[in-house]
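Please have the sequence and the model open while reading.

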Amino acid sequence: MRKWALLVLVAVLVAAAFAAGGVVRERLGFSFSIEGLAEARDWVAGLGWRGPAAFVALVTFRSFMLLPSYLVLVLGGLVFGAAAGTLWGALGLAASSHMQYFGARLLGDDWVRPRLGARGSRLEDRIRRLGPAPVFAMTAHPAGVLTPLNIAAGLVGLALWQFALAIVLAVPIRAGIYSVLGTGVLDWGITASAAIGLGLVGVVLTPLLIPRVRSWVLGTEPVAIPAAAARREEEGG
């Protein structure tokens, strides 16, 4: 298949996925509110033995529904409890991460890199220098960016085993934090849930007060310029 035909096919599939995701989101009424979470919980719980598979699919394809990961992962704890919510949420995160990684490798630099912009360049530079460590750190932290990170890992050619290992180790941490929060959103009442939520927010945000950590997690670290290139720029300027 010619490259342009592949790109057209991918564009059509992505557009269809976003359209279908919008329909699902509207039907489920996802929102971070007591009513919205209760409706989503009842829907997933009503699926019986198919519930875990449906939830994993929600986490995997959440980007096409324009749903943030924290909202869907909180739902996992709400429906399945902390342990099972962490398990199913981690599976969905791992699946979506690998989908983005392989998508970047399939489509290639010319089409993907311009769409990532400056943040993508910074992430690529970091992965080239440090290998899978940034993938683990940013995936494990609940505030870390995921989609640009996974795409950047695919573009720079990070070995699949390194990428997979970093993801497998990191996703239970991210999913576990939100699943714990989800277990009490409805059952423990507003006051207890707010206290738990504030505690988790403190754990998540406190490291971000350190500029270096914040730049790592949020992917805002400037791209390092090699010394030789810097000297050439100074001489030319």
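H5 passes H8 in a right-handed crossing. The model is a predicted one. Two packed helices are described by the angle between their axes and the distance between the axes. Helix H5 covers residues 82-107 and packs against H8 at an angle of about 45°, the two axes lying 7 Å apart.

Sorted by class, the contact of H5 with H8 has five nonpolar, five polar and one charged residues. An α-helix has 3.6 residues a turn, so residues three or four places apart point the same way.

H8 itself, residues 147-155, is mostly covered, with seven of its nine residues buried. Those buried residues are Leu149, Asn150, Ile151, Ala152, Ala153, Gly154 and Leu155. After H8 comes glycine 157, which has a positive phi, near 80°.

Another helix to look at is H3, residues 51-60. Why is H3 described as largely enclosed by the rest of the structure? Eight of the 10 residues of H3 are buried, so the rest of the structure largely encloses this helix. The buried residues of H3 are Gly51, Pro52, Ala54, Phe55, Val56, Leu58, Val59 and Thr60.

Terms used:
Residues numbered from 1 in each chain as written. Predicted model: local features only at pLDDT ≥ 70, side-chain atom pairs only at ≥ 80, totals over all residues. Heavy atoms only, no water. Buried < 20%, exposed > 50% of the residue type's maximum accessible area, 1.4 Å probe, protein only. Helix = DSSP H or I, 4+ residues; strand = E, 2+ residues; numbered from the N terminus. Axes fitted to C-alpha atoms, helices over the stretch in contact; angles between N-to-C directions. Left-handed = near helix turned anticlockwise from the far one by under 90°. Nonpolar A, V, L, I, M, F, W, Y, C, P; charged D, E, K, R; others polar.
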